[in-house]
Amino acid sequence: MTTENLSIGQEYEITIEKLIYGGQGLARFQGVAIFTPFSVPGDKLKVCIVGAEKNFFRAEIIEILEPSANRRSAPCQYFGRCGGCQLQHLDYPAQLVAKAGFIRDSLKRIGHFDWQPPIEIKHSLEFNYRSRTQLKVERATDPFQIGFYKEGSHNVCDVESCPILAPELNQVLVKLRKSEKEIALSEIPYSKIDLVKGDEGISANQIVADLSSKAICQRVLDINYYFDPSCFFQVNQYLLTTLIEIIIGTRKGKVALDLYAGVGFFALQLAKTYQKVIATEVNQKASHWATHNIQANSINNVEFHSISTEKWLTKFSRRFNGIDLVVLDPPRVGIIKKTLLSITEIRPKEIVYVSCDPSTLARDLRVLADSGYKLASITGIDLFPQTYHIETVAVLERIN
Ligand SMILES: C[S@@+](CC[C@H](N)C(=O)[O-])C[C@H]1O[C@@H](n2cnc3c(N)ncnc32)[C@H](O)[C@@H]1O
């Protein structure tokens with residue numbers, strides 16, 4: 001790339017080739033990569049260059065010369081200002097194609113896998129799916145602002161309703177807006193309010209309006225999961241059983257490990273088809289609820305360790321051989337190489353790696369593939385429609 005080719009402030013006509021992870025459109029102008037937000041593959045655009053990085057330029061749309069057949073007007077009035085969604089201007093089938101592309105690109109560029117088979121993206125309804133959210137509150141303004149952070153800032157975009165939230169959470173948002181005075185005058189700062197919808201109502205991390213902060217229960221495939229609003233729980237209410245079906249499916253055996261267990265979402269389902277399940281979780285609150293959930297569901301074959309995966313592996317892993325399955329569902333940062341290598345030393349027959357970041361997933365899959373495991377399948381699950389985020393489930397099998 002030569003910077004002489006393009007200059008900041010100049011306008012160019014480009015055609016978007018594809019979306020990249022993060023949601024921006026990629027175009028090439030005289031061989032130089034240009035990234036443009038709110039564009040769609042196939043769009044012919046007039047753009048203005050607004051920034052130069054080492055290997056690419058950033059641009060903004062000046063005019064849509066010819067819209068892609070997949071472009072639609074965003075259903076949400078706040079789209080473009082609110083930082084929550086990046087893809088509302090694409091019809092839903094095009095969002096799914098883009099997300100399969102994010103996974104494939106990461107596997108190739110970061111993991112050096114030449115993955116040829118199609119990547120299926122399981123999906124459900126594209127709106128009203130979120131059963132958990134965190135509302136941001138700005139009390140210093142008059143009137144106060146409640147909603148979500150604006151793109152790239154910690155300023156609050158004031159929203160009256162959000163199309164990806166479950167209707168019940170939108171009703172709470174209306175209620176909170178009516179409680180402006182209570183919130184503005186409260187001694188509690190209320191900068192963030194966590195809301196979660198359970199089978200029998202909503203709970204919040206703060207007592208505000210007439211919300212309670214009691215634990216809630218969500219029943220999935222005959223298991224009751226209890227947790228409070230500060231704990232991690234999968235956000236997409238329509239895809240909870242699909243997630244379990246992909247991760248567990250018809251798998252069965254003697255011993256399964258669930259090494260980032262949260263409140264026991266996978267561990268308690270694994271207990272139905274494995275003789276013994278061992279689970280680790282580092283967060284104290286999540287561990288409390290996991291232990292509670294094991295008892296509340298009268299499960300007696302899950303051994304739960306409130307400890308980091310790394311410490312558990314160092315302390316106990318030498319005792320184990322004959323592990324059938326390891327489920328890994330780490331935070332976005334993924335898993336450090338040393339931990340991955342300790343897992344391969346236990347020699348499980350299968351590893352199912354669940355990830356919300358295709359980049360760290362691809363990096364970690366390379367370590368596993370270089371340590372005796374074959375990538376057997378890749379499936380996407382669109383837990384986060386309208387955003388660039390995508391959940392991926394990778395299955396690895398031990399080679400010998
Ligand atoms: C993406 S969540 C998945 C939780 C669970 N599998 C579920 O589906 O609800 C990741 C979990 O890993 C936990 N965690 C993060 N670092 C950890 C570590 N080093 N050892 C064990 N657990 C960890 C987090 O507290 C969180 O509960």
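Predicted model: local features only at pLDDT ≥ 70, side-chain atom pairs only at ≥ 80, totals over all residues.

Tutor: A salt bridge is a side-chain nitrogen of Lys or Arg within 4 Å of a carboxyl oxygen of Asp or Glu. Side chains of opposite charge can pair when their charged atoms come close.

Consider Lys197 and Glu168, whose side chains form a salt bridge with an N to O distance of 4.0 Å. Lys197 belongs to strand β11 (residues 192-198) and Glu168 to helix α2 (residues 167-178), so this pair ties together parts that are 29 residues apart in sequence. Lys197 has a relative accessibility of 15% and therefore counts as buried, whereas Glu168, at 32%, is partly exposed.

Helix α2 also contains Lys175. The side chain of Lys175 meets that of Asp210 in a salt bridge, at 3.2 Å from N to O. Asp210 lies in the loop between β12 (201-204) and β13 (216-220), and the pair links distant parts of the chain, 35 residues apart. With a relative accessible area of 38%, Lys175 is partly exposed; Asp210, at 59%, is exposed.

A further salt bridge joins Arg58 to Glu53, with the closest N and O atoms 3.3 Å apart. Arg58 is partly exposed, at a relative accessible area of 31%, and Glu53 is also partly exposed, at 37% relative accessibility.

Methods: Residues numbered from 1 in each chain as written. Heavy atoms only, no water. Buried < 20%, exposed > 50% of the residue type's maximum accessible area, 1.4 Å probe, protein only. Helix = DSSP H or I, 4+ residues; strand = E, 2+ residues; numbered from the N terminus.
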